[in-house]
Amino acid sequence: MKHLTPAQLVDLIEGVLPAERAAHVGACARCRQQADELRAVMCEAREVDVPEPSPLIWDHLSQRVRDACGAEPEVGSSGWVPSGSLSRLALAVTTVTVIVAVIVGGILVRSPTEEAAPGGDSVAALLAKLDLGLDGGDTEPDLFESFGEEPAWTLVMTVAQEMEWDDTDAAALVGPGASDRAVLELSPDARRELGRLLEAELAGEGG
Amino acid sequence: MLSRAVRAWAGTVQPEWKVTVAGAASKTGAPLGVDLSDDEDLVQACLAGSQDAFDVLVQRHRRAIYRLCYGFVGNHEDASDLSQDVFLRVHRGLRRLKGKSSLSTWLYRIGVNVCLSRVGSKVPPTEPIQDDRHIDPRSDDPAERVLRVERAARVRAAIVRLPERQRATLILRMYHELSHQEIASILGNSVGAVKANFFHALGNLKRLLEARD
């Protein structure tokens, strides 16, 4: 004879155990006693209720919560994705793309007389040089300092200034240094492909 | 009696009821403009930065959260502190709710986590039996009333001595009438584990009550 499991005993006292299984109780004194004991405890526990606190406690609790939350950053501010954020997300994606593009474009602008690497891909060559700059170095090259007053960098700064940092952070796309790390951590093949795409884009816009 | 009836009614407001507060105004004096009947709209309003909407959210759910906390600690002072903590965490984490679960389930989850982390394995002090607020006016017999109060106090004291998950399961099932599925969602268990916890909670509760007799 297979006794009722704990879960089945709970189903039994709650009246949801299938009839064919519940019939076991009629023939099993042990399960019947267990079920009776559980019902008795449930009945006693059910009589207990939370004693009603002072009516003042509710408004007091709400006020305490209000005061505590008032000391916190507002819901919807930094780190919160506000409602209707699709356009902000799109702007964040665009900004990241622009930043990545202009990092590479900035390299191009700085080296206008750079001879094309074998295969005619100057961007790829510059990216490859960037890759060499990382290998064996203890620190990452600081691209942004070297750009200075470059026109391309001026463009990205103008775009970035129109966007709150918190919005890009809220979109979970950009963290401090994320864009330059994104470029620096690309594989050589990925950088070559990125360079090719950017060159095509720049050529298409007449830049 | 009337205030008790009103409080009882307030606890039964259903999401589909169109409940508005006549003459209600925000702190700035402007009408609230918040649909009180829908938790989802409340959440959206909160995420849009409306403190009034969060106030409404607190008002709607404070009683359930307070009762949950009281079930864990057995006294009003700690229940009030825990309730404040719960809503503070709700305020901080509301953006993570979107689309993942119902507000009510999420609130209970936070409430249980706050209670378990604060209470741990310590046995908090429960309300004294002599507190007159506990006298149940339903019974005309004073002696019966006192006996009922004493039994209730014994049960509450035994519940706070249960192992944490058993305590949580029993409180959510017995006093908040949540389904096993809802409890499983709140506690991160399977339904089978919830039922097993409930079974053992009742068994341990029986042993604790018998030990005190």
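Accessible areas are computed here by the Shrake-Rupley method with a 1.4 Å probe, and for residues only the protein chains shown count as cover.

## Basis of the model

This is a predicted model, in which local features need pLDDT of at least 70 and side-chain atom pairs count only at pLDDT 80 or more, while totals for chains, interfaces and linings use all residues. Residues are numbered from 1 along each chain as its sequence is written, chains are lettered from A and ligands numbered from 1 in the order in which they are written, and side-chain values use heavy atoms, with hydrogens and water left out.

## Chain A

Chain A contains twelve helices and zero strands; helices (H or I, at least four residues) and strands (E, at least two) are DSSP runs, numbered from the N terminus. The accessible surface of chain A is about 12000 Å², and carbon and sulfur atoms account for 56% of that surface. Of the 207 residues in chain A, 36% are buried, a term for under 20% relative accessible area (1.4 Å probe, protein chains only).

## The interface of chains A and B

Chain B contributes 48 residues to the contact and chain A contributes 40, where contact means heavy atoms within 4.5 Å. About 4300 Å² is buried between the two chains, with 64% from carbon and sulfur atoms; buried area is the accessible area (1.4 Å probe) that two parts lose on being put together, summed over both. B:Arg62, B:His91 and B:Phe199 supply 15% of the area that chain B buries against chain A, more than any other three residues.

Seven salt bridges are counted between chain B and chain A, each a side-chain nitrogen of Lys or Arg within 4 Å of a carboxyl oxygen of Asp or Glu. One salt bridge joins the side chains of B:Lys195 and A:Asp11 (2.8 Å, N to O).

How values were computed: Buried < 20%, exposed > 50% of the residue type's maximum accessible area, 1.4 Å probe, protein only.
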